[in-house]
Amino acid sequence: MTVLLFGFEPFLEYKENPSQLIVEALNGSTILKEEVKGVILPVEYEKIEDLIVTKIREMKPILTLGIGVAPGRAKITPEKIAINYKYSREGDNAGKKYKGEKIDPLGQDGIFTNIPVEDLVDLLNENGIPAELSLSAGSYLCNNAMYIIIREARKYNSLGGFIHVPLHESYAARIQRPIPSMSLDTMIRGIRLSMEFILTNKKRILPSPSCRCKQFTVNCEVCVIFDY
């Protein structure tokens with residue numbers, strides 16, 4: 001099977017995007033016998049949904065993971081929830097802005113990832129990679145992508161989530177203001193470890209094919225296959 005990684009192209013003032021560099025570095029690699037396929041998304045509201053939906057439908061990955069940059073954050077931050085909401089003070093790369101519209105008019109107001117992000121944060125910190133849980137993916141393209149990833153992953157009884165990373169050091173050094181950063185090598189190692197952890201635990205995370213509750217939540221007492 002396949003692991004599908006999404007990153008983003010540069011946007012606004014950020015002429016390099018570490019999420020793109022991370023995804024390109026991991027594209028074609030193998031994680032626990034699963035092939036990693038990397039796709040770079042445009043920073044455009046009108047394009048990302050079709051791209052994400054099409055790639056997940058075509059590849060039917062066991063895990064779909066979005067990676068995005070959160071300038072100002074100092075740690076790797078796995079995201080817990082995506083909200084059904086689009087708002088941006090700055091336009092996307094096509095100049096498009098939104099002021100509170102829903103991503104999916106018929107969708108839930110919020111969707112939790114089915115990845116155990118709390119345990120993932122502990123794992124990363126134990127391996128010397130600074131990480132903390134995030135309860136907000138914002139309202140720009142990253143949250144938009146995360147919402148679609150989780151929604152589509154549920155359709156195929158697979159795993160979906162999103163991780164934010166800081167700016168990479170080499171780029172932050174060229175910005176004329178103080179801003180947190182992390183080495184690109186550390187972030188690549190963090191995302192690789194994240195994928196290994198998620199795939200190792202997929203049996204206890206995923207609901208059974210006969211799931212009746214359709215909530216796809218971690219530790220569902222009815223539907224989860226526990227890996228004793």
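Modeller: Let's take β1, which is covered on both faces: T2, L4, F6 and F8 are buried on one side, and V3, L5 and G7 are buried on the other. Buried here means under 20% relative accessible area, while exposed means over 50% and partly exposed lies in between (1.4 Å probe, protein chains only). Strands are DSSP runs of E with at least two residues, helices are runs of H or I with at least four residues, and both are numbered from the N terminus. Please keep in mind that this is a predicted model, where local features need pLDDT of at least 70, side-chain atom pairs count only at pLDDT 80 or more, and totals for chains, interfaces and linings use all residues. Residues are numbered from 1 along each chain as its sequence is written, and side-chain values use heavy atoms, with hydrogens and water left out.

Because seven of the seven residues of β1 are buried, β1 is largely enclosed by the rest of the structure. Now for its partners. Two strands pair if DSSP finds at least two bridges between them. With β3, strand β1 pairs in the parallel sense over seven bridges, and F8 stands opposite L41 of β3. With β4, strand β1 again pairs in the parallel sense, over four bridges; here V3 has L63 as its bridge partner.

β4 then pairs with β10 in the parallel sense over seven bridges, and G66 has F162 in β10 as its bridge partner.

A helix belongs in this picture too. The buried residues of α1 (residues 18–26) are P18, S19, Q20, I22, V23 and L26. Their cover includes β1, β3, β4 and β10, as well as β11 (167–168) and α6 (184–200), where contact means heavy atoms within 4.5 Å. Just after α1, G28 takes a positive phi of about 90°.

As for α6, its 17 residues reach 24 Å from first C-alpha to last, close to the 24 Å expected at 1.5 Å a residue; the expected span is 1.5 Å times one less than the number of residues. Among the buried residues of α6 are M187, I191, L193 and F197.
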